[in-house]
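Morning, everyone. I have one structure to walk you through today. Let's bring it up.

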Amino acid sequence: MASTSPRSVIFLVLAVAIVVSDAQLQLSETFYDATCPQAASIVQQKVNAFVDADRGLAAALMRLHFHDCFVRGCDGSILLNSTETMLSEKEALLNNGSLRGFDQIDEIKMELECACPGVVSCADILALVARDATAKVGGTSWPVFLGRIDGGASFADEVNSSLPERTDNFTQLVARFARVGLDARDMVILSGGHSIGQVHCGAFFERLYNFQGLNITDPAMDPEFAAMLKVQCPQTKPFGFMALDATNGTFDSAYYLDLLTNKGLLESDVALLSDPLGVEYAIRAVQDPMAFLNEFGWAMIKMGAIPALEPYGWRRHCAFVEPRF
Ligand code: HEM
Ligand SMILES: *[C@@H]1O[C@H](CO)[C@@H](O)[C@H](O)[C@H]1NC(C)=O
Ligand SMILES: *[C@@H]1O[C@H](CO)[C@@H](O)[C@H](O)[C@H]1NC(C)=O
Ligand SMILES: *[C@@H]1O[C@H](CO)[C@@H](O)[C@H](O)[C@H]1NC(C)=O
Ligand SMILES: *[C@@H]1O[C@H](CO)[C@@H](O)[C@H](O)[C@H]1NC(C)=O
Ligand SMILES: *[C@@H]1O[C@H](CO)[C@@H](O)[C@H](O)[C@H]1NC(C)=O
Ligand SMILES: CC(=O)N[C@H]1CO[C@H](CO)[C@@H](O)[C@@H]1O
C-alpha cells in the first residue's frame, strides 16, 4: 500500500520539519525506538486484523484521531470514560453512539502494556492507528511522529465548540480549523476523510426532506441520488446508515467526484465547492488521486501535531487517569 514516490516522501519530510517546529512538540518518528521498538508493528498488526474482520472499522478508527486532536489537542482525551462527577468527550451528544472503536483501542493498549509497560501514550496509539487504518483500505501510508503526552481531563461540554458541525458553511469550517492551526487547504483535504465510513440518515434529513424549512429536497442535490437516498433513508429511520461516499470501504478520491456530481451528503461536504479553493482541490483529487492520497497523509501529520492543552502523563488504561503518586 505504501507506494509513495520518492518525490512525495521528500515532500512529506520537509513538511514535517515545519510542523514540528511550529508546534514545539518535538515529536519524532524514532521516539519509541529505544523503549518500545516493536510498538508500531504491534499496532499495525492489530489494526490489520481488526479491519480484516470488519472493514467498516477502518473509518471509525481513523476518525478517533480527528476527534481527539480537535478537542484539547492530541492528548487521548477522547478515550477517557466519564467519571461520577464529569461527563467526558466520548459521551457528548455529538460523539455518543457515533464514535466507534474504543474496545479495539483498549485491546491494542493492553498488548502494548504487555510488550513495554508504561511507555506508549494513548494519543500516540490513535495517531498510529489512524495511519494504519487508512493505509489498510487503500490510502497511502505516512510517517507518524510520536512522543505525545496524554491529558488527564475530558469534558463533554468542550466538544460542540471544538469540532466542526455538519451544518457549517465554508467560512465556518475554515474558522474551526484555523483555531487549531490548520488552514483552508488542510480543511479541504482532511474532509477527504469522508472517503470512508458511514453517516446516520438523520444527519442529512433536512437536505432530503425539509431544505431551508421549505418541505422540499435540496435542489442542488442530484435528483436520482436524492430518490435513492429517500429509499435508503425514509423519514421514519433517522438512525439508519448511509455510506459517506460511493466507495465507503475504500480510501480514494471518490468523495470529491461525488461532490462534483452533486452527490455530497452533509451540508459541510457540499459547502467545500462554494469556494474556489475547494473546487480546485476537488478537481485535482479526481484527476490525480495519488496526489490527494499523499496530501491527505501530509495533512494528517499536521493535524496530529496539534499540541495538548494540558499534558498530564502516561495512562495505564486509556479510559482512566492514573492517580499521581
Ligand atoms: C470538515 C468538518 C467535518 C464535519 C462537519 C464532519 C462531520 C461528520 C459527521 C456528521 C459524520 C457522521 C456521524 C454520524 O452520523 O454518526 C462524520 C463521519 C465521519 N467523519 Fe467527519 N466531519 C468532518 C471532518 C472529518 C475529518 C477531518 C475526518 C478525518 C480526517 C473525518 C472522518 C470521518 C469518518 C471516517 C467518518 C465515518 C465514521 C464511521 O464510519 O464510523 N471527518 N463526520
Ligand atoms: C468505558 O466506557 C465504555 C462505554 O462508554 C464501556 O464500554 C467500557 O467498558 C468502559 N471502560 C471500562 C474499562 O470500564
Ligand atoms: C451514551 O450512550 C449510552 C449507550 O447508548 C447510554 O447508555 C448513555 O446514557 C449515553 N450518555 C449520554 C450522556 O447520553
Ligand atoms: C451541542 O450541539 C447540539 C446540536 O448540534 C445540541 O443539540 C446540543 O444541545 C449541544 N450541546 C451543548 C452541551 O451545547
Ligand atoms: C457562513 O455563515 C455565516 C454565519 O451565518 C455567514 O456570516 C457567512 O457569510 C457564511 N459564509 C458563506 C461562505 O456562505
Ligand atoms: C411536505 O411534502 C410532502 C410531499 O411532498 C407532503 O405529503 C406533505 O404534506 C408536506 N408537508 C407539509 C407540512 O407541507
Ligand atoms: C452504510 C454502508 O453502506 N456502510 C458500509 C460501508 O463500508 C463498510 C465496509 O465495506 C460496510 O461494512 C458498511 O456496511
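Into which domains is the protein chain divided? Domain 1 covers 6-163 + 304-313, and domain 2 covers 170-299. Those bounds come from an automatic or database domain assignment.

Some ground rules. This is a predicted model, where local features need pLDDT of at least 70 and side-chain atom pairs count only at pLDDT 80 or more, while totals for chains, interfaces and linings use all residues. Residues are numbered from 1 along each chain as its sequence is written, chains are lettered from A and ligands numbered from 1 in the order in which they are written, and side-chain values use heavy atoms, with hydrogens and water left out.

Now, the two domains together. Their C-alpha centres lie 24 Å apart. The contact takes 24 residues from domain 1 and 20 residues from domain 2; contact means heavy atoms within 4.5 Å. About 1,800 Å² is buried between them, and carbon and sulfur atoms give 66% of that. Buried area here is the accessible area (1.4 Å probe) that two parts lose on being put together, summed over both.

Which residues of domain 1 lose the most area to domain 2? They are Met62, Phe70 and Thr140, together 26% of what that side buries.

What about polar links? Seven residue pairs are in polar contact between the domains, both residues at pLDDT 80 or more. A polar contact is a pair of N or O atoms within 3.5 Å; within protein, one must be able to donate a hydrogen and the other to accept it, and residues adjacent in sequence count only if both atoms are side-chain atoms. Salt bridges across this interface: zero. The rule asks for a side-chain nitrogen of Lys or Arg within 4 Å of a carboxyl oxygen of Asp or Glu.

By that rule, the count comes to 15 salt bridges. Take Glu107 and Lys46, whose side chains meet at 3.0 Å, N to O. Glu107 sits in helix α4 (residues 102-115) and Lys46 in helix α2 (residues 39-53), 61 residues apart. Helices are DSSP runs (H or I, at least four residues), numbered from the N terminus. Side chains of opposite charge can pair when their charged atoms come close.

Last stop, the record. UniProt, in an unreviewed entry, places a "binding site" at Asp68, Val71, Gly73, Asp75, Ser77 and Glu89. Such annotations may be inferred rather than shown by experiment. These residues spread over 22 residues of sequence, yet they cluster in space, with a largest C-alpha distance of 12.6 Å. Gly73 is found in the loop between α3 and α4.

Definitions and conventions
Helices (H or I, at least four residues) and strands (E, at least two) are DSSP runs, numbered from the N terminus.
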